[in-house]
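Reader: I am new to this structure and would like to learn how to read it, feature by feature. Could you show it to me first?

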Amino acid sequence: MHILITGGTGFIGQALVAQLLGGGHHITILSRGRHRDTSQCTYVRSLEELSSDSAPDAVVNLAGASLAGRRWTRAYKEEIAASRVEATRALVDYFESSAQTPRVLLSGSAIGFYGAHGDEALTEEAAAGRGFASELCQAWESEALRAEALGVRTCLLRLGVVLDREGGALRQMAMPFRFGVASWPGTGHQYLSWVHRADVVAAITLLLEDDSLAGAFNITAPGPVTQRDFCAAMQKHFRTLPAMPVPGTVMRLMLGEMAEELLLTGQRVVPAALEGAGFTFRYPGIEQALAAIFTTHAGERLP
Ligand SMILES: NC(=O)c1ccc[n+]([C@@H]2O[C@H](COP(=O)([O-])OP(=O)(O)OC[C@H]3O[C@@H](n4cnc5c(N)ncnc54)[C@H](OP(=O)(O)O)[C@@H]3O)[C@@H](O)[C@H]2O)c1
């Protein structure tokens, strides 16, 4: 299959590309940077560079400026939105203008779609929430869903917090633990719906291959945890002082609106649609996932 991936250079994209190349697919990556092509992987900097005689069979849309990377100033919020909503609009506009549309579009989204929630388990049937992240996801999904009218099978990837060793949110989350400081944000009773990157790659592969699957998919492990439980699970891998909270007021002062939406509130998301499709998680629980991330095959703790 010829697969176009936007954001193929990112944390999820790199692992996905490695897996798909191993499966013998040809990959085209849409990237702002300059990269060297290989026999199986081609880079383009704009959709116009895609040649009409090699239209992609499938598209995975993962590009976007990081939500957790910087304080949400008005200018940065515009960049976050443009890199997702406008980029997805451009992608579907490109499908409309091409002679040959892809068979499938898998388009990024996030569990932020559901907004702040308490303990209620949220399946894909749950309503959209409020706030910047939720409204962003709704606009991002709406642009992707325009592809359905063109006969493109469309799946929305409602990603949880993706964990793995070489980057993503865990790099920042683990930092204080490495210095012996264990903490949780605010009350710590808010849920963290996480997923191991290997399961994200496996879920995306399933959604690419199974023509019967379409619509929204929560890509989160079946065992979401509270921030306190996540802290306790992390403490098993680091020598730390007794855990304590970082008060919400401090976090709001340091990080502004982003602290409220991404850290001090949460959502307990369950992967109902993926499990309904028969998907089996390699890392269903946080203890297993962190053990795989922080220990070597020989059972030694990573530094
Ligand atoms: N990782 C998570 O925990 C998580 C959770 C929920 C949702 N998601 C969503 O899943 C997608 C992939 O996540 P990821 O962690 O792999 O992201 P990532 O590592 O930050 O990579 C995203 C890619 O998007 C491109 N990009 C970055 N800033 C951009 C900008 N201002 N304009 C256009 N393109 C830009 C970059 O590619 P180039 O530099 O090659 O252009 C980058 O490699 C993102 O849309 C993210 O919102 C991720």
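Reader: Which helices and strands each supply at least two residues of the shell around the ligand?

Author: Helices (H or I, at least four residues) and strands (E, at least two) are DSSP runs, numbered from the N terminus. In this predicted model, local features need pLDDT of at least 70 and side-chain atom pairs count only at pLDDT 80 or more, while totals for chains, interfaces and linings use all residues. Residues are numbered from 1 along each chain as its sequence is written. With that in hand, helix H1 (11-22), helix H2 (74-97), strand S5 (104-110) and strand S8 (161-164) each supply at least two residues of the shell, and H1 gives the most, with three residues.

Reader: Which residues come nearest to the ligand, and how is the shell made up by class?

Author: A residue is near a molecule if its C-beta atom, placed from the backbone, lies within 6 Å of it. Of the 24 residues around the ligand, Gly7, Gly10, Ser31, Gly64 and Ser83 come nearest. For the classes, Ala, Val, Leu, Ile, Met, Phe, Trp, Tyr, Cys and Pro count as nonpolar, Asp, Glu, Lys and Arg as charged, and the others, Gly among them, as polar; the shell has 11 nonpolar, 11 polar and two charged residues.

Reader: How many bridges join S4 to S5?

Author: Two strands pair if DSSP finds at least two bridges between them. Four bridges join S4 to S5, and these strands run parallel, with valine 60 having leucine 106 as its bridge partner in S5. From S4 the chain passes through H2 to reach S5, and this β-α-β crossover is right-handed (with the strands pointing away from the viewer, the path from the first strand over the helix to the second runs clockwise). S4 is also joined to strand S1 (residues 2-6) by four bridges, again in a parallel run, where threonine 6 has asparagine 61 as its partner.

Reader: Are the residues on the two faces of strand S4 buried or exposed?

Author: A residue is buried if 20 or more other C-beta atoms lie within 10 Å of its own, exposed if 12 or fewer, and partly exposed in between, with C-beta atoms placed from the backbone. In S4 (residues 58-61), Ala58 and Val60 on one side and Val59 and Asn61 on the other are all buried, so that both faces are covered.

Reader: Which strands make up the open sheet that contains S8?

Author: This open sheet has three strands in the order S9-S8-S12, with mixed pairing, and its edge strands are S9 and S12, each of which pairs on one side only. S8 and strand S12 (residues 194-196) pair in the parallel sense over three bridges, with valine 162 partnered by valine 195 and valine 161 by tryptophan 194. Towards strand S9 (residues 167-168), S8 runs antiparallel with two bridges, and the two form a hairpin with two residues between them.

Reader: Why is leucine 274 called buried?

Author: Leucine 274, which lies in helix H9 (residues 272-276), is called buried because 24 other C-beta atoms are within 10 Å. Two residues are in contact if their C-beta atoms, placed from the backbone, lie within 7 Å; leaving aside neighbours within four places in sequence, leucine 274 is in contact with Ala203, Phe217, Asn218, Ile219 and Phe279.
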